[in-house]
Amino acid sequence: MEKNHLKEPGAGRIFLIAVALALAIGSGFVLGLKMGPTLFGGVDEPLVQMDEQYKQHLDPEKESANEAEQAVDSVAAAAEASKRDMAKGKDYLAGHNQWDRNEMEKIPSLQGLWDAVNNYKVDDLRSYNEKLDSATLTTIIEKLEENPKEGSYASKTDEVITISAYIKAL
């Protein structure tokens, strides 16, 4: 019983066929990678740019650096806005003898101040004055500490307080 080697390939032949097939597939893949851009008009630039942007988002160091830079910029912008707002508030208090509730409410650093003045709220006035450092507020606080008041100064329909008259009334 002799086996015919041509009809039943041995393990060595199967291995050689498998290696040859793998080499053929591998070289076809490599050739496709090398020749694909040439055959099909090159690499699409927008895809390359998108790939670079995607890689930047995956880089944690670049991402945290960008976030940190944005946070610093945001804090700096907020601080600058706060300085401008405080300056605007100080200018309003120093430059107006009549404090108009509607005008003051438009300035973030003065929001609520008119009501605190009108209702003789000394603690609230101190809080505003810590930020605004206003000579007028200091005078009002001193007068209210000497002679505490309750209720409100202006009528419910009046939204303007003449500061010189208010201080005299204290």
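Me: Before we start, what do buried and exposed mean here?
Reply: Buried means under 20% relative accessible area, exposed means over 50%, and partly exposed lies in between, with a 1.4 Å probe and protein chains only. On that basis, 18% of the 170 residues of the chain count as buried. This is a predicted model, in which local features need pLDDT of at least 70 and side-chain atom pairs count only at pLDDT 80 or more, while totals for chains, interfaces and linings use all residues. Residues are numbered from 1 along each chain as its sequence is written, and side-chain values use heavy atoms, with hydrogens and water left out.

Me: How many helices and strands does the chain have?
Reply: There are eight helices and two strands. Helices (H or I, at least four residues) and strands (E, at least two) are DSSP runs, numbered from the N terminus. Along the sequence the pattern reads α-α-α-β-α-α-α-α-β-α.

Me: Which residues touch the most other members of the largest nonpolar core?
Reply: They are Leu93, Trp99, Leu113 and Leu125, in a core of 24 residues. Helices H3 (60–95), H5 (113–118), H6 (122–132), H7 (135–146) and H8 (163–169) each supply at least two residues of this core. A nonpolar core is a set of buried Ala, Val, Leu, Ile, Met, Phe, Trp, Tyr and Cys residues joined through side-chain atoms within 4.5 Å.

Me: And what does leucine 113 touch?
Reply: Leaving out residues up to four places away in sequence, leucine 113 touches Leu93, Met104, Leu125, Tyr128, Leu132 and Leu137. Contact means heavy atoms within 4.5 Å.

Me: Which residues of H6 are buried?
Reply: Val122, Leu125, Tyr128, Asn129 and Leu132 are buried in H6. Seen down the axis of H6, these buried residues fall within an arc of 120 degrees, so they line one face of the helix. The arc is that of the directions from the helix axis to the C-beta atoms. Asp123, Glu130 and Lys131, on the other side of H6, are exposed.

Me: Where is serine 109, and is it buried or exposed?
Reply: Serine 109 sits in the loop between helix H4 (101–105) and H5. With 9% relative accessibility, serine 109 counts as buried. Beyond residues up to four places away in sequence, serine 109 touches Asp85, Met86, Gly89, Tyr128 and Leu132.

Me: Changing topic: how many aromatic pairs does the structure hold?
Reply: The structure holds two. The ring centres of tyrosine 120 and tyrosine 166 are 6.0 Å apart and the planes are at 15 degrees, so the pair is stacked. This pair links distant parts of the chain, 46 residues apart: tyrosine 120 in the loop between H5 and H6, and tyrosine 166 in helix H8. For tyrosine 153 and tyrosine 166, the centres are 4.9 Å apart and the planes are at 80 degrees, so that pair is edge-to-face. Rings of Phe, Tyr and Trp (its six-membered ring) pair if their centres lie within 6.5 Å; planes under 30 degrees apart count as stacked, over 60 as edge-to-face and the rest as tilted. Tyr120, Tyr153 and Tyr166 form one aromatic cluster.

Me: Are those tyrosines buried or partly exposed?
Reply: Tyrosine 166 is buried at 0% relative accessibility, and tyrosine 120 is buried at 11%. Tyrosine 153 is partly exposed, with a relative accessible area of 31%.

Me: What about phi of tyrosine 120 and aspartate 133?
Reply: Tyrosine 120 has phi near 55 degrees, a positive value in a residue other than glycine. Aspartate 133 has phi near 50 degrees, also positive in a residue other than glycine. Aspartate 133 lies in the loop between H6 and H7 and is exposed, with a relative accessible area of 62%.
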